[in-house]
Amino acid sequence: MKAVVLAAGEGTRLRPLTEDKPKAMVEIDGKPLVAHCFDKLADLGAEEFVVVVGYMKEHIIEHFGDSYRDIPITYTHQREQLGLAHALLSVEEHIDDDFMLMLGDNVFNANLADVVRRQREERADAAFLVEEVPWEEASRYGVCDTNDFGEITEVIEKPDDPPTNLVMTGFYTFSPAIFPACELVQPSNRGEYEISEAIDLLIRSGRTIDAIGLDGWRIDVGYPEDRDEAEERLQEAEAAAKAD
């Protein structure tokens, strides 16, 4: 299974850490943020990395070159950061089967393999790792509603009044059916092509999308304090692994 990594962002909220580099190249525990994504995806059996780059893309391309851990890397260029659905369309020509998608600004220590296993089952057209967050934080994310079978029935992007506190994390699996859905997405009020709208189009067309509850932790690295927390958590996990 190929792995798509979205790493085109500038990271304005991470300044001063991003004054001379893109968000994906901010170091956490001794290596770039996006390298932590690559490691997780490699452990999941990624056959190829398809990396969407944009702002200061040369920093990423020059650092990693054409492979990481002997896994080939293909780069695509998102010239304008116009949302996740827009970014996904830049990789369409490189994807012909089910694939993993990871947002390049997330650090995980969680049950990602459960999502991949669910995607490989015939009943799932897509599977998302989801997390319950404090209600006051839900409006920062894509909020999910589910039915009694654990299937996602609706996704609302950054709602003012969230109907649930169950949110999408930065890890998904999809079939190529997501691409025609992305092509139908219209710009939101924020002027972006939202992945949540593409997901809703899949749901309305009868596709099955399963929600897998997060077991472990993840940190969305949006601010300098998030970077510090991610580094602390990773060091704790490394120390615990050595102790075992």
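The model is predicted, so local features need pLDDT of at least 70 and side-chain atom pairs count only at pLDDT 80 or more, while totals for chains, interfaces and linings use all residues. Residues are numbered from 1 along each chain as its sequence is written, and side-chain values use heavy atoms, with hydrogens and water left out.

**Salt bridges: count and network**

- Side chains of opposite charge can pair when their charged atoms come close.
- A salt bridge here is a side-chain nitrogen of Lys or Arg within 4 Å of a carboxyl oxygen of Asp or Glu.
- The count by this rule is 19 salt bridges.
- Salt bridges link Lys 31, Asp 39, Asp 43 and Arg 69 in a network.

**Individual pairs and their exposure**

- Exposure classes rest on relative accessible area: buried is under 20%, exposed is over 50%, and partly exposed is in between (1.4 Å probe, protein chains only).
- Arg 190 pairs with Glu 192 in a salt bridge, at 3.2 Å from N to O. Arg 190 is partly exposed at 44%. Glu 192 is partly exposed at 24%.
- Glu 197 and Arg 204 form a salt bridge, with their closest N and O atoms 3.7 Å apart. Arg 204 counts as exposed, at 59% relative accessibility. Glu 197 is partly exposed, at 31%.
- Glu 229 and Arg 233 also form a salt bridge, with the closest N and O atoms 3.4 Å apart. Both residues lie in helix α7 (residues 224-243), four residues apart, or about one turn of the helix. Arg 233 is partly exposed at 27%, and Glu 229 is partly exposed at 34%.

**Largest pocket**

- A pocket is found on a 1 Å grid over the protein atoms alone: it is an open set of points where a 1.4 Å probe fits, with protein on both sides within 12 Å along at least five of seven lines.
- The largest pocket holds about 1000 Å³ of space, a volume being the space filled by probe spheres set on the points, which are joined across faces, edges and corners.
- Its lining has 37 residues, and the closest to its centre are Arg 13, Lys 23, Leu 84, Asp 105 and Lys 158. Lining residues have an atom within 4 Å of a point.
- Helices (H or I, at least four residues) and strands (E, at least two) are DSSP runs, numbered from the N terminus.
- β1 (2-7), α3 (84-89), β12 (166-174) and β14 (216-220) each give at least two residues to the lining of the largest pocket.
- β12 supplies the largest share of that lining, four residues.
- The lining of the largest pocket divides into 13 nonpolar, 12 polar and 12 charged residues. Nonpolar covers Ala, Val, Leu, Ile, Met, Phe, Trp, Tyr, Cys and Pro; charged covers Asp, Glu, Lys and Arg; the others, Gly among them, count as polar.
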